[in-house]
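Hi,

Here is the structure I promised to pass on. Have a look at it first, and my notes on what turned up in it follow below.

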Amino acid sequence: MKAPSLKLALLAALGAAALLSGGCQAASAVRVRPWERGALADDTMNPDRDALGAAMSEHVYFSREAASGGRGVGGSGCGCN
Amino acid sequence: MVTLTRNSRALGAAAALAAIAATSPAQVAPGNSFPSLSAAGLDGGVLPFTAGKVVLVDFWASWCAPCKASFPVYSRIQSDYADRGLVIVAVGVDDGLAAFNAFVAKLKPSFVTVHDANHALVSGVQVPTMPTSYLVDRTGKVRFMHPGFHGDQTERELRREIEMLLAEKTPAP
């Protein structure tokens, strides 16, 4: 009668330990530390780094998709403006 | 008896797992001793003599804009307080030495810059953001910590704290 309750307690302790260690390791595996953000801080990560290129892409997008106005741009979607 | 042995093993395994979970380094904060700079395997510069001095340790990177803004301020602070016992050590955490060297060559700091190429020191300290600076008193204990750099505000705070730490008695040898 005593053994099963001890087993249960041990299983619970094991489970808690596994959750703690596994959870921590998983979190550290995906977390980018403050000193590892060099690539994220690179200018190439900035979507607005080329204003002219972005405007041209946007024009092509709304012309082809007939989606003018969807991003706050006026026009009818005819591709003529 | 067999059950007891099994239980002991299971308990041992649980303890080991809990120990693994607890091994991730804690963030260095005011009140803690700052890790040894000489034992951190830093390169890119010669570490100054820091025993019995007030030390400002700054963690920076070439890709971090506030770090760039902080260097002229640290140069001013260094020139104002070096005679009274302040030492500034700026620890660069760039992945590559080229970026580190280019940043130092461009800003020409008057204080010591070293490179934590393996991130051994910065990982041990667990800086919360870039840049972060730590003011360490004459006994080697962290007294103030500055996450981020906020221009004049940070400079004012640093000067006030440095004045306070420099005024404290030097520990007996």
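Let me start with one helix of chain B: the buried residues of α3(B) pack against β1, α2 (65–81), β2 and β3 of chain B. Bear in mind that this is a predicted model.

Which residues of α3(B) are buried? They include B:Phe100, B:Phe103 and B:Val104. These three cover an arc of only 95 degrees around the axis, so they sit on the same side of α3(B). On the face of α3(B) turned away from its buried side you'll find the exposed residues B:Ala98 and B:Lys106. Just after the helix, B:Lys108 has a positive phi of about 45 degrees.

Now for the sheet. Chain B has five strands in an open sheet, ordered β3-β2-β1-β4-β5, and the pairing is mixed. The edges are β3 (112–115) and β5 (142–147) of chain B; each has a single partner strand, so one side of each is left without a neighbour in the sheet. From one strand to the next, the twist averages 20 degrees. Helix α3 (residues 97–107) of chain B packs on this sheet, where it touches β1 (54–60), β2 (86–92) and β3 of chain B, and its direction makes about 170 degrees with that of β3(B). Another helix, α5 (residues 152–167) of chain B, lies across β1, β2, β4 and β5 of chain B and runs at about 175 degrees to β5(B).

B:Ser133 makes a handy landmark here: B:Asp58 stands opposite B:Ser133 in β4(B), while in β5(B) the bridge partner of B:Ser133 is B:His146. One residue along, B:Tyr134 stands opposite B:Met145 in β5(B).

How many of the five residues of β4(B) are buried? Five of the five are. Both faces are covered, with B:Thr132, B:Tyr134 and B:Val136 buried on one side and B:Ser133 and B:Leu135 buried on the other.

Last, the turn: the hairpin of β4(B) and β5(B) has five residues between the strands, and B:Gly140 takes a positive phi near 90 degrees there.

Cheers

Definitions and conventions:
Residues are numbered from 1 along each chain as its sequence is written. Chains are lettered from A and ligands numbered from 1 in the order in which they are written. This is a predicted model: local features need pLDDT of at least 70, side-chain atom pairs count only at pLDDT 80 or more; totals for chains, interfaces and linings use all residues. Side-chain values use heavy atoms; hydrogens and water are left out. Two strands pair if DSSP finds at least two bridges between them. Helices (H or I, at least four residues) and strands (E, at least two) are DSSP runs, numbered from the N terminus. Axes are lines fitted to C-alpha atoms, for helices over the stretch in contact, and angles run from 0 to 180 degrees between N-to-C directions. Contact means heavy atoms within 4.5 Å. Buried means under 20% relative accessible area, exposed over 50%, partly exposed in between (1.4 Å probe, protein chains only). The arc is that of the directions from the helix axis to the C-beta atoms.
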